[in-house]
Amino acid sequence: MNYDRILIRYGELSTKGRNRKQFITKLKKNILLVLKEFRDIKIELGRDRMFIHLNDTPFEAVKERLSNVFGIQSFSPVVRTDQNIEEMKTAALELVKRNFSLGKTFKVSARRSDKEFELDTNEINYAIGSHVLRNIGELTVDVKKPDINILVEVRKGGVFLSCEKYPGAAGLPSGASGKAMLLLSGGIDSPVAGYLMLKRGVEIEAIHFHSPPYTSERAKQKVVDLAERLTAYGAEIKLHIVPFTAIQQKIQEQVPENYTMTSTRRMMLAIADKIRQKRGGLAIVTGESLGQVASQTLESMRAINDVTSTPVLRPLIAMDKLDIIDVARKIGTHDISILPYEDCCTIFTPPSPKTRPKLEKVQHFESFVNFEEMIDEAIENMETIELPQEKENSEFSDLL
């Protein structure tokens, strides 16, 4: 007996009320995105469960991809039977035989959402458990930590059985909580910030500031690779590459050296806010952690934030560097981030940047340049890359 579908458990989505359907629809779209190369799968939506019909697609081929999709609490490959206790016992026995070896223990965990079924959960547990014991004499019961846990879900559409349960990424489906613009530098922190916002259901559009000839095409490709890595979590991401050379050079000419970092961050935030307006975003996301560098003191953040009234979200604000590195390794961005290609945040770093910049001073220094005109020109000349880069065919679009 082969698994023919996957049962998806929603977790946090189950707490949603009238807008639950909207969240579930987003989840379906994101699952189809990460499984787009498997053309035969079909998805069946339910209020508290989702089923992926494999149609001969091997479960192992999709298992790892599903584990990354936000909005999935857990999932199990399952076989389906009718609401017939004899069929259920036969299916359970076959599943246990497939996973059995000498010395293993088991238990039955039944869940009956269809209260009209003739047996309650305890009776289901007993009927299936005793049948398995009668047919596999070397097997013993352990209700606390069994080696084999037979999961049985009795639903209106039939009974679903499995001996496997895998954790999902939890959180909320990407896109369910609105859109924000992520400042993606190419370092370790900003991809982690993007990952954490994706987990809370935020659709991400990334913005990277590119300053040729001071920054190379390899540095640009590094950022593309980071953004593409984040799409593994069930998200499509637009990456905006903003030419920043002229603005950085003007800052170096006009602003005193110890204030150039503050002014640079202010221009980045101002550009991000204008792109946000054009793209319908609701917030800006950065990878800042309090006190980590000179531009991330409270005084610096206040001076930088002054250029916008848009919410600036900092999901890493209370994390130390080792915590951030641990997450980066977990999500697969760390090794890309440490590639030794320069970015515009480091090429003009002053030897002694102001850690407590005065807002009125940086405003005064910037008042001698028409930065607004330069900002508009940079946005007009930016390049946008859609990730993942391979185009969907019409068949996949129809599924969505």
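Which residue's side chain does that of Glu288 meet in a salt bridge, and what is the N to O distance?

Author: The model is a predicted one, in which local features need pLDDT of at least 70, side-chain atom pairs count only at pLDDT 80 or more, and totals for chains, interfaces and linings use all residues. Residues are numbered from 1 along each chain as its sequence is written, and side-chain values use heavy atoms, with hydrogens and water left out.

The side chain of Glu288 meets that of Arg314 in a salt bridge, at 2.4 Å from N to O. A salt bridge here is a side-chain nitrogen of Lys or Arg within 4 Å of a carboxyl oxygen of Asp or Glu. The pair joins distant parts of the chain, 26 residues apart: Glu288 belongs to the loop between strand S13 (283-285) and helix H9 (298-305), and Arg314 to the loop between strand S14 (312-313) and helix H10 (321-331). Helices (H or I, at least four residues) and strands (E, at least two) are DSSP runs, numbered from the N terminus. Glu288 counts as buried because its relative accessibility is 11%, and Arg314 counts as buried at 17%. The classes are set by relative accessible area: buried is under 20%, exposed is over 50%, and partly exposed is in between (1.4 Å probe, protein chains only).

The structure holds 25 salt bridges. Another of them joins Arg276 to Asp273, with the closest N and O atoms 2.7 Å apart. Both residues lie in helix H8 (residues 260-279), 3 residues apart, about one turn of the helix. An α-helix has 3.6 residues a turn, so residues three or four places apart point the same way. Arg276 and Asp273 are both buried.

Glu372 forms a salt bridge with Lys274, the closest N and O atoms being 2.3 Å apart. Glu372 is in helix H14 (residues 371-380) and Lys274 is in helix H8, 98 residues apart. Glu372 counts as partly exposed because its relative accessibility is 42%, and Lys274 counts as partly exposed at 23%.

Elsewhere, salt bridges link Arg9, Asp48, Arg49, Arg111, Glu153 and Arg155 in a network. Of these, Arg111 is found in strand S5 and is partly exposed, with a relative accessible area of 35%. Its C-alpha atom is separated by 6.1 Å from that of Val152, 41 residues away along the chain. Leaving aside neighbours within four places in sequence, the contacts of Arg111 (heavy atoms within 4.5 Å) include Thr121, Val152 and Val154 as well as Asp48, Arg49, Glu153 and Arg155.

The 15 residues of H4 (residues 121-135) should span 21 Å at 1.5 Å a residue, and the end C-alpha atoms are 21 Å apart, which agrees. The expected span is 1.5 Å times one less than the number of residues. At the start of H4, a side-chain oxygen of Asp120 reaches to within 3.2 Å of the backbone nitrogen of Asn122.

Helix H6 (residues 217-230) gives a similar check: its 14 residues should span 20 Å, and its end C-alpha atoms are 20 Å apart, which agrees. Its buried residues include Val223, Val224, Leu226 and Leu230. Among the elements covering the buried residues of H6 are helix H5 (189-199), strand S11 (203-210) and strand S12 (237-243).

On the scale of the whole chain, the domain assignment, whose bounds come from an automatic or database source, gives domain 1 (5-167) and domain 2 (179-387). Their C-alpha centres lie 43 Å apart. In the interface, 8 residues of domain 1 are in contact with 10 residues of domain 2. The two domains bury about 770 Å² between them, 57% of it on carbon and sulfur atoms; buried area is the accessible area (1.4 Å probe) that two parts lose on being put together, summed over both. On the domain 1 side, Leu33, Asn68 and Phe70 lose the most area to domain 2, together 68% of what that side buries. Across this interface the rule finds 1 salt bridge.

Key:
A polar contact is a pair of N or O atoms within 3.5 Å; within protein, one must be able to donate a hydrogen and the other to accept it, and residues adjacent in sequence count only if both atoms are side-chain atoms.
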